[in-house]
Structures are given as structure tokens and as C-alpha cells.
Amino acid sequence: MKTTDTPPVGVSEERPTVVKANIASAKVKKREGGVLNVFSHGVLVIWAIMVVLPLLWAVMTSFKTDREIFTSPWSLPDSLQFDNWSRAWSQAHMSDYFLNTVLVVGGSLIGTLLFGSMAAYVLARFDFPGNRFIYFLFIGGMSFPIMLALVPLFYVLNNVALLNTLHGLILVYIAYSLPFTVFFLTAFFRTLPSSVAEAAMIDGASHTRTFFQVMLPMAKPGLISVGIFNFLGQWNQYMLPTVLNTEPEKKVLSQGLVELAVSQGYKGDWSGLFAGLVMAMLPVLAAYIIFQRQVVAGLTAGAIK
């Protein structure tokens, strides 16, 4: 019995052409994707160099002498000058500024996350008259220039005897950070499953217990993400404490660095200035390095269901 190699009409004659076209298209897409990956990785490498090199240079300079800073600014120090750090910590009062900043930022961060998460949970999970109005009121607060609020804030804090106090500055930081926190966490709470909260309510849990024991632990990635952003903004805040906190013994780190830069400019102690600058940067870098995975998880949680 003989077999014929003649393919069916209209089927096999077109198949090789289609396969070849698909292979050619796949090769073109692969080539384009490779070029795009090389370009994107190159941009990221350049950006990383632009960010990392100044940080490394500042750390390296903080261990140099004043003479080495001006004669060989790009070379490694001949010997590590740890005296720069001790001098900046004690003589330049960086220890006092650091402690004040930790107290203010720590208190304001706890208050911001607590009140912001409570407001965001109510706005995201409950329908009531005025819900959208309150939500857009918070969003409007994000666009309000802080420059316009400095003079009213000064007189308000002065009238309630909170001017030049750390707890008054904490309250201002909380109010300043609440709009972004509510905006961020409202979108995050909407992505959480409602069935878990409904199951807790069926088991007899109150709204308060459901929020603190069920929903708030589920929102941990979002809390860490918005907490890092608020920490960065509050730690580096300069304008608010400059206007509302003028007592020398209650100044925060950003004010202390400016005062140190002005005073060291006349004394010529540039090595102590760089040591103080690195002291201010280390907590921010440490916080981001420790919680970088949680920050990415919180930012991408709402994109995947």
C-alpha cells in the first residue's frame, strides 16, 4: 500500500509560512526586549551611581582631617579620624538635637499612623453621609502649601501655650502628615477582604476589636510603607521647626545641622560638619534598608488581587 506525500489542500501548504512568520516575529520582539532591558538597566546603573557616590564621599570625608578635605578631596583618608564624630556629638550638641528629633518624630509617627489608620478604615469600609466629602477634604489637605499655614500655626500654638515645645511640634507634624496617610491607607484598606471582618463581627467582635485585632494586622505592609514615607518627611523637616521651635535647647536635627554649618563655616571645622551630616543620614538609610521589602510589598499590594 503506497502512501502519498501530498498534503491536504489549504492546510499544510500554509502552515510552514505561518510558523516561519511567528518565529520571525518572536525574534524581533526578543531583540527589541533585549535592547529595552539594556537601556533600562543602564539608566538604573547611572541613577544608582549618582545617588550612592555622594553618600560614600560624605562618609569618607567625615573621617578626614580639614587639611585632607581641601588638598585631596577624592582620595581615601590617611587614617580614620574618629575624633570628628565625638567632637560633633558632644561639642556641637548633636546628641541633644538627635534626642529631640527622636522624641518628636517617634511621637508624631505613632500618632500619625494611629489616627490616620482609624480615619482611613472608616472611610474605606463604611458608607455614611459625608463620606466622600471628608475623603476629598483630606486629599485637599495634600495640596495646601505649608508656607500659607506657618503664620496661622505660629499664632495658634502661641495662644494655646504650645509654641517652642516638643509636644506642640508633634501635634503639628501629625496634622501635616495626616492627609497623605489617610489617602494612602484608604486605598489599601479597600483591597483587604471584607469576609474576614464580617466573620469577626459574626463571632461577636466589636468594631474596635475588629479593627485593632483583625484589620490592622492585615494592613501591616501598608502601615510600614506609609510609615517610612512619613519618617523621611518628618526626620528631614526644617521649615516647621524653624518657625515653631526657636528655643536652642529644643531644636531638632535639621536645625542643628544648619546651625552647625554656619558656625563651622567660621571656625573651619569642616570634618566635624561632615560627621554631623552623616549622623543625620544614618537613621534614614537604616530604616529604609531594614524595611525595604515591606515598603515594596505595601506599594504593590493594591495592584494584585
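Threonine 210 is placed in helix 9. This description rests on a predicted model. With a relative accessible area of 1%, threonine 210 is buried, because buried means under 20%. A polar atom of the side chain of threonine 210 lies 2.7 Å from the backbone oxygen of serine 206.

**Aromatic pairs**

Across the whole structure, a search finds 17 aromatic pairs. One of them joins tyrosine 121 and phenylalanine 211; the pair is tilted, with 5.0 Å centre to centre and 50° between the planes. The two residues come from distant parts of the chain, 90 residues apart: tyrosine 121 belongs to helix 4 (residues 94-125) and phenylalanine 211 to helix 9 (residues 207-218). Tyrosine 121 has 7% relative accessibility and so counts as buried. Phenylalanine 211 is at 5% relative accessibility, so it also counts as buried.

Another pair is formed by phenylalanine 154 and tyrosine 155. Here the rings are edge-to-face, with 5.7 Å centre to centre and 90° between the planes. Phenylalanine 154 has a relative accessible area of 29% and is therefore partly exposed, since that class runs between 20% and 50%.

The table sets out the two pairs.

| Pair | Centre to centre | Angle between planes | Class |
|---|---|---|---|
| Tyrosine 121 and phenylalanine 211 | 5.0 Å | 50° | tilted |
| Phenylalanine 154 and tyrosine 155 | 5.7 Å | 90° | edge-to-face |

Tyr121 and Phe211 also belong to a cluster linked by ring pairs, together with Phe126, Phe189 and Phe212.

Arginine 190 lies over the face of tyrosine 135, at 5.3 Å from the ring centre.

**The cavity**

The structure holds 1 cavity of 30 Å³ or more. The largest cavity contains about 40 Å³ of space. Its lining consists of Thr101, Val104, Val105, Tyr173, Gln234, Trp235, Val252, Leu253 and Ser254. Helix 4, helix 10 (220-235) and helix 12 (253-267) are the elements that give two or more residues to this lining. Helix 4 gives the most, with 3 residues.

What kinds of residue line the largest cavity: nonpolar, polar or charged? The lining divides into 6 nonpolar and 3 polar residues, with no charged ones.

Note on methods: Residues are numbered from 1 along each chain as its sequence is written. This is a predicted model: local features need pLDDT of at least 70, side-chain atom pairs count only at pLDDT 80 or more; totals for chains, interfaces and linings use all residues. Side-chain values use heavy atoms; hydrogens and water are left out. Rings of Phe, Tyr and Trp (its six-membered ring) pair if their centres lie within 6.5 Å; planes under 30 degrees apart count as stacked, over 60 as edge-to-face and the rest as tilted. Helices (H or I, at least four residues) and strands (E, at least two) are DSSP runs, numbered from the N terminus. Buried means under 20% relative accessible area, exposed over 50%, partly exposed in between (1.4 Å probe, protein chains only). A charge sits over a ring if NZ of Lys or CZ of Arg is within 6 Å of the ring centre and within 35 degrees of the ring normal. On a 1 Å grid over the protein atoms alone, a cavity is a set of points where a 1.4 Å probe fits but cannot get out, and a pocket is an open set with protein on both sides within 12 Å along at least five of seven lines; lining residues have an atom within 4 Å of a point. Grid points are joined across faces, edges and corners, and a volume is the space filled by probe spheres set on the points. Ala, Val, Leu, Ile, Met, Phe, Trp, Tyr, Cys and Pro count as nonpolar, Asp, Glu, Lys and Arg as charged, and the others, Gly among them, as polar. A polar contact is a pair of N or O atoms within 3.5 Å; within protein, one must be able to donate a hydrogen and the other to accept it, and residues adjacent in sequence count only if both atoms are side-chain atoms.
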